[in-house]
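I opened this entry to learn how the chain is built. My notes follow in the order I looked things up.

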Amino acid sequence: MASFKYCADCNNLLYPREDRTKRELLYACRNCQFQESADNLRVYRHEIIHAPSEQTMVLADLSADPTLPRANIACPRCQYPEAVFFQSSSRRADAKMNLFYVCSNRACGHRWSD
């Protein structure tokens with residue numbers, strides 16, 4: 001979590017500065033000569049969060065949803081002749097428009113993409 005430090009003399013924001021002779025990190029005021037040693041040596045932290053490449057809708061029973069369209073495509077697992085389909089919900093600009101299928105057989109529920 002980011003924390004800001006303020007000058008004890010003039011209440012302005014303190015900025016990180018390196019003392020090259022002592023090889024230590026300081027926080028210094030840009031308006032006056034106030035400086036203090038840094039208690040934490042981390043100035044910046046960059047966190048990378050990886051999102052899953054494709055997310056299918058996570059619902060308990062997609063095959064029973066009456067609002068989703070149906071197709072006469074056989075399920076590759078159980079050969080049931082009907083499947084529910086929907087498009088990828090990815091908002092990325094470079095994402096293809098993938099169709100995801102869910103077997104309409106409630107006992108199977110297999111999911112696959114085109």
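**Notebook: strands, rings and a loop**

I began with Trp112, which counts as buried at 16% relative accessibility. Buried means under 20% relative accessible area, exposed over 50%, and partly exposed in between (1.4 Å probe, protein chains only). I am reading a predicted model, where local features need pLDDT of at least 70, side-chain atom pairs count only at pLDDT 80 or more, and totals for chains, interfaces and linings use all residues. Residues are numbered from 1 along each chain as its sequence is written, and side-chain values use heavy atoms, with hydrogens and water left out.

**Whole chain**

I looked up the make-up next. The protein chain has zero helices and seven strands. Helices (H or I, at least four residues) and strands (E, at least two) are DSSP runs, numbered from the N terminus. Along the sequence I read the pattern β-β-β-β-β-β-β.

How much of the protein chain is buried? I found 25% of its 114 residues in that class.

Among the contacts in the protein chain with a separation of 6 or more, 27% are between residues 24 or more positions apart.

**Sheet of three strands**

I traced an open sheet in the order β1-β2-β3, with antiparallel pairing. Its edge strands are β1 (14-19) and β3 (35-37), and each pairs on one side only. On average, neighbouring strands here are turned by 35° against each other, direction ignored. For such angles, axes are lines fitted to C-alpha atoms, for helices over the stretch in contact, and angles run from 0 to 180 degrees between N-to-C directions.

Two strands pair if DSSP finds at least two bridges between them. β1 and strand β2 (residues 24-29) pair in the antiparallel sense over six bridges. I noted two bridge partners in β2: Leu25 for Glu18, and Glu24 for Asp19. The hairpin of β1 and β2 has four residues between the strands, and Arg23 takes a positive phi near 55° there.

What lies over the face of Tyr15? I found Arg30, at 3.6 Å from the ring centre. A charge sits over a ring if NZ of Lys or CZ of Arg is within 6 Å of the ring centre and within 35 degrees of the ring normal.

**Sheet of four strands**

I then followed an open sheet of four strands, in the order β4-β5-β6-β7 and antiparallel. β4 (70-71) and β7 stand at the edges with a single partner strand each, so one side of each is left without a neighbour in the sheet.

Strand β5 (residues 83-87) and β6 run antiparallel, joined by five bridges. Val84 has Val102 as its bridge partner in β6, and Phe86 stands opposite Phe100. Three bridges join β6 to β7, again antiparallel.

**Rings**

I counted aromatic rings next. Rings of Phe, Tyr and Trp (its six-membered ring) pair if their centres lie within 6.5 Å; planes under 30 degrees apart count as stacked, over 60 as edge-to-face and the rest as tilted. The count comes to three aromatic pairs. In one of them, Tyr101 and Trp112 have ring centres 5.6 Å apart and planes at 20°, so the pair is stacked. This pair links distant parts of the chain: Tyr101 in strand β6 (residues 99-103) and Trp112 in strand β7 (residues 111-113), eleven residues apart. Across the strands, Tyr101 stands opposite Trp112. Phe85, Tyr101 and Trp112 form one aromatic cluster.

**A loop proline**

Last, I looked up Pro76, placed in the loop between β4 and β5. Which residues does Pro76 touch, not counting those up to four places away in sequence? I found His110 and Trp112. Pro76 and Cys103 are 27 residues apart in sequence and 8.9 Å apart in space, C-alpha to C-alpha.

Technical notes
Contact means heavy atoms within 4.5 Å.
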